[in-house]
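Open the model in your viewer and keep the selection tool handy. We will take a short walk through it, one selection at a time.

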Amino acid sequence: MGTLILAVTSLLLYSVGTALQALSFRGRVHTNIAITTLIGMLALTAHGLLIAQTVHREGGFDFGFFQSSVLISWLIAFLLLALNLRKPVQSLFLGVYPLAALTIIMALITHSPSRLVPDDSYGMLSHIALSVTAYSLFTLAAIQAVLLYLQNRQLKHNYNSVLIRNLPPLQTMESLLFELVWAGVVMLVLAIVTGALFIDDLFAQDLAHKTLFSLLSLIVFIALLTGRYTKGWRGITASRWTLAGCALLMLAFYGSKFALELVFHRGG
């Protein structure tokens, strides 16, 4: 199936999923988990086939800026659909589906230098897989942190707002946030360890700044978890720390790749 057909199919399904969730959020329609899962799985299938054509190349995988974004957005949507089977995370679809659609559009209309990793570079591929999983979990945590922040603000001013009526209780929202942060920290630690094992020269491979910001973000997340269990950090404080850590991690990945590939046009 052609790349354009797969892209349009993915965009259409993500748009339908977003519209249904928005209407459900406003109480206009009622959707159940079966419908949400079906639309999501169809979108993921088309999205995954698109990745097979854009990321996988003969002899390796292209992890250029936009190709990586398409891959990460697929994993974010996949993780969210899996979480939706047992956690009240429906509200996150309003952020995740448009994000996935945006990465597909950008991959279609733009170009970045190739960053090819050979098929037999198992150590590097394992590092990339762990890194992508960590980025995906922390993206979900960032969206959850924004919702938690807004929920806390709304509870102080408008108890009957649309947001308050649709979101789970505050304690559940906080619990979900810290579960995502914990999972992300584990993946990030594993990614940093595998990077230390399989990356030969940080400076020669233009990875020193990425490693620095990744370590700084890890410190922020560990401080957040420590504050949670020693000082009872929650609510707006937890949201701010989460967003700060996620911002550092985005600088580590997207900031470095943007500068190297789109500003200095350096491939690999």
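A helix crossing is called left-handed if the near helix is turned anticlockwise from the far one by less than a right angle. Keep that in mind as we go through this predicted model.

Select α1 (3-25) and α4 (93-109). Here α1 passes α4 in a left-handed crossing. The two pack at an angle of about 160 degrees, and their axes lie 9 Å apart. Since angles over 145 degrees count as roughly antiparallel, α1 is roughly antiparallel to α4.

Now show the side chains between them. On α1, the contact residues include L11, Y14 and F25, while α4 brings, among others, F93, Y97 and I104.

**Stop two: a threonine on α4.** Stay on helix α4 and pick T103. Is T103 buried or exposed? T103 counts as buried, because its relative accessibility is 11%. Beyond its neighbours within four places in sequence, T103 is in contact with S69, V70 and S73.

**Stop three: the core.** Next, select Y14, V96, F138, L140 and V181, the residues that touch the most other members of the largest nonpolar core, which has 66 residues. Helices that each supply at least two residues of this core include α1, α4, α7 (170-198) and α8 (208-230). Which helix gives the most to this core? That is α5, with 16 residues.

**Last stop: V181.** Zoom in on V181 and display its contacts: leaving out residues up to four places away in sequence, V181 touches F138, A141, F221, L224, L225 and T242.

How values were computed. Residues are numbered from 1 along each chain as its sequence is written. This is a predicted model: local features need pLDDT of at least 70, side-chain atom pairs count only at pLDDT 80 or more; totals for chains, interfaces and linings use all residues. Side-chain values use heavy atoms; hydrogens and water are left out. A nonpolar core is a set of buried Ala, Val, Leu, Ile, Met, Phe, Trp, Tyr and Cys residues joined through side-chain atoms within 4.5 Å. Buried means under 20% relative accessible area, exposed over 50%, partly exposed in between (1.4 Å probe, protein chains only). Helices (H or I, at least four residues) and strands (E, at least two) are DSSP runs, numbered from the N terminus. Contact means heavy atoms within 4.5 Å. Axes are lines fitted to C-alpha atoms, for helices over the stretch in contact, and angles run from 0 to 180 degrees between N-to-C directions. Angles under 35 degrees count as roughly parallel, over 145 as roughly antiparallel, 65 to 115 as roughly perpendicular and the rest as oblique.
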